[in-house]
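Please keep the structure open while you go through the numbered points of this note. They take one chain as a whole, and then turn to parts of the other.

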Amino acid sequence: MSEPLLSTRDVHTYYGKIIALRGVDIDVHAGEIVTMIGANGAGKSTLMMTICGNPHPRQGQIVYDGRDITMMPTHEIMRLGIAQSPEGRRIFRAMTVLENLQMGASLVDPKYFDSDLEKVFHLFPRLKERIKQRGGTMSGGELQMLAIARALMSRPKLLLLDEPSLGLAPLVVKQIFDAIRELNQSEGLTVFLVEQNAFHALKLAHRAYVMVNGKITMSGTGAELLGREDVRAAYLEGGGH
Amino acid sequence: MEYFVQQLVNGLTLGSIYGLIAIGYTMVYGIIGMINFAHGDIFMIGAFIALSTFLLLTTILGISFLPLVLLVVLVVSMAFTSAWGWTVERLAYRPLRGSFRLAPLITAIGMSIVLQNFVQVSQGARVKPLPPQITGGITLMEGSSANGTIQAQLSYMQIIIIATTLVLMVGFSLLISRTPLGRAQRACEQDRKMAALLGVNVDRTISLTFIMGAALASVAGLMFMLLYGVIDFYIGFLAGVKAFTAAVLGGIGSLPGAMLGGLLIGLIEVFWSAYFTVEYKDVAAFSILAIVLIFMPSGLLGKPEIEKV
């Protein structure tokens, strides 16, 4: 197989003295949707942020597109074509939808802005209706759509999504997962998402990892993991709506 | 009536200077949540650089065309003062970012003392006079009173100060609200971690904020020097405290608030001195600040912190 687009090797991340990641190895190949499932506090969001250089790992290596990005500052990593819709969405609440999207396009040549805007509005028509509205006044589902749209405005090669389904109604979750699938199929966008909502995530993903307490404990195709009794018991009981 | 109009003009002039300094406090607070106590001294440095440049141009180089001199003074003073502002941030604040909250506050006070003492030692402690450069004005009103005629005058100097402030404030507001740089600054104010995730160089944006604040303070320093004709190493302290008060009164973190607060503090001070006693003008200004903060804790235009979950 060709070189992965993103790979982490033996990544250890600490918050002060507390260890959050205990040697994480993952690979994400170009064109794939890869998901990582795990319980609250397993270290999923920490891995997402470690990939983006905040915090930096204390040990191990992260390679993206053939380049060692382990110790690069966050804003330079993002320049290489990685975008993240982070935990908690982190929409700029005092800014309008349009301004949030403009922030997403900070690093992109302004000549692409209008056509990119049309694209994300096609994906999430709700945002177009709210274009002048401030981030702080929107619903959870709209905020999540905006967070993904903002990430897409940077024209990423690799999209990192941290719990896009958290706190959303099933119908909205479906809408968002459909959009992710569409982006992957029509544009070949590589997606790495972490989820507690394991059922949808595993159905969507080509490959998947399970993280427990800062370590990868299982990996396989989405369907494989979905079929395993232990995965179902640990992550799907009551979650598979 | 003439007396009232005259005081109004004086108050607006003084308020303009406070407003320009207050912007520096409010922007730095907005972006890194810290009171830059050395900002008043940056204003003082601006006034000294302006005076030095002015004397260099007029007495040593012998240039006598005043508009050209003032323009060069303005540019040089803004450039050097900005460099000071940048250096202070780089040396005293950035290494402590992410440290506990009081640490940068202490270094800010330290920086303020350093700047004052540096100017005192290098320039001498005595006041530096500058003869009035821009004289004359327009008589707005004329009337008679028991003591003879009374005039309301708008001097050319006051016109220059108010007009410059107006232009700078409008330009600056547009810069913050309309340009990508301003947007990046607002993004850093709201969520630095997210701004970095969108490729914003947060350190550079913070540096630029200090540079802008210092540039505006240097304009205030130049105007202060021309208006009052005397400066010393200590002017930054009181002007700084007043401008800080203005920023808090208007709502710290709010740009229009800083401008409004500056004008109000200037007006309160001048009117109190004119109608009551000049000795208590600072008491009046600070009392009004205290009263406003009791009823509006986030200032006149500040947004209360609402945590939406």
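1. In chain B, among the contacts between residues at least 6 apart in sequence, 74% join residues at least 24 apart; two residues count as in contact if their C-beta atoms, placed from the backbone, lie within 7 Å. This is a predicted model, in which local features need pLDDT of at least 70 and side-chain atom pairs count only at pLDDT 80 or more, while totals for chains, interfaces and linings use all residues. Residues are numbered from 1 along each chain as its sequence is written, and chains are lettered from A and ligands numbered from 1 in the order in which they are written.

2. Chain B has 11 helices and 4 strands, where helices (H or I, at least four residues) and strands (E, at least two) are DSSP runs numbered from the N terminus. With 309 residues, a compact globule would have a radius of gyration near 19 Å, and the 20 Å of chain B agrees with this; the radius is taken over C-alpha atoms, and the globule rule is 2.2 Å times the number of residues to the power 0.38.

3. Chain A is divided into domain 1 (1-81 + 157-241) and domain 2 (89-155), with bounds that come from an automatic or database domain assignment. Their contact takes 10 residues from domain 1 of chain A and 9 residues from domain 2 of chain A. On the domain 1 side, β7 (158-162) and α7 (170-187) of chain A each supply at least two residues, and the largest share, 3 residues, comes from α7(A).

4. Chain A also contains an open sheet of 6 strands in the order β6-β7-β8-β3-β9-β10, with mixed pairing; two strands pair if DSSP finds at least two bridges between them. Because β6 (82-85) and β10 (215-221) of chain A stand at the edges, each with a single partner strand, one side of each is left without a neighbour in the sheet. β6(A) and β7(A) pair in the parallel sense over 4 bridges, and A:A83 stands opposite A:L159 in β7(A).

5. Which strands does helix α6 of chain A touch as it packs on the sheet? Helix α6 (residues 140-152) of chain A touches β6 and β7 of chain A, and its direction makes about 170° with that of β6(A); axes are lines fitted to C-alpha atoms, for helices over the stretch in contact, and angles run from 0 to 180 degrees between N-to-C directions.

6. Between the chains, 21 residues of chain A are in contact with 16 residues of chain B.
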